[in-house]
Amino acid sequence: MRMPDSLRGGGRRTTTVAASGLPALAAGPAAVAAPTTIQTGPAGVHTLPVSPIEGGDPARTTVLTCDPDGGTHLAPAAACERPRAVDGRIADLPEGSGACALVHAPVRVTAEGRGNGDSRRHPRTFFDRRAAIRATGGVFFAF
């Protein structure tokens, strides 16, 4: 019995496809470029709520993104510079300068988010909003 022409070349085609794949397989890892890391968003994202403890001013929240600097913070470049200087450790921010009226209006502030791939959360209570701003370098909670 004779094989139809349409089936006769089938084996050769399979062999050809398999053979054409061999050089790529033989080249192995040396032929493959190392994967590159592509940043798909900011390196740091922080939510910064300021909540009065005893009424008074309304609660405020802003979002700060760093690298690239942005978000809803009023001065993102200056606010991002502070944590960069202390490797993202909000507790280590140097205190800002300036007078403080010390009006008793306690606030709870929190810096929560991620920076340099690490999750971070830093809650703290201050005598008033100005004290919180000053204690965190003068700009971090100034919004």
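A disulfide is taken here as a pair of cysteine sulfur atoms within 2.5 Å. The structure is a predicted model, in which local features need pLDDT of at least 70 and side-chain atom pairs count only at pLDDT 80 or more, while totals for chains, interfaces and linings use all residues. Residues are numbered from 1 along each chain as its sequence is written, and side-chain values use heavy atoms, with hydrogens and water left out.

One disulfide is found when the whole structure is searched, and it is formed by C66 and C80, whose sulfur atoms lie 2.0 Å apart. The two cysteines are 14 residues apart and link distant parts of the chain, with C66 in strand 2 (residues 60-66) and C80 in helix 3 (residues 76-85); helices (H or I, at least four residues) and strands (E, at least two) are DSSP runs, numbered from the N terminus. The link of C66 and C80 is left-handed, with -90 degrees about the S-S bond. Residues are called buried under 20% relative accessible area, exposed over 50% and partly exposed in between, with a 1.4 Å probe and protein chains only. C66 is buried because its relative accessible area is 7%, and C80 is likewise buried because its value is 1%.

Grid points are joined across faces, edges and corners, and a volume is the space filled by probe spheres set on the points. The largest pocket holds about 250 Å³ of space. Its lining consists of 18 residues, and those nearest its centre are D57, A105, V107, D128 and R129. Strand 1 (44-52) and helix 4 (129-135) are the elements that give two or more residues to this lining, and strand 1 gives the most, with three residues. Eight residues of the lining are nonpolar (Ala, Val, Leu, Ile, Met, Phe, Trp, Tyr, Cys and Pro), six are charged (Asp, Glu, Lys and Arg) and four are polar (the others, Gly among them).

The second largest pocket holds about 160 Å³ of space. It is lined by 13 residues, of which P83, R84, G88, G115 and N116 are the closest to its centre. Strand 1 and helix 3 are the elements that give two or more residues to the lining of this second largest pocket, where helix 3 gives the most, with three residues. This lining divides into five polar, four nonpolar and four charged residues.

Notes
On a 1 Å grid over the protein atoms alone, a cavity is a set of points where a 1.4 Å probe fits but cannot get out, and a pocket is an open set with protein on both sides within 12 Å along at least five of seven lines; lining residues have an atom within 4 Å of a point.
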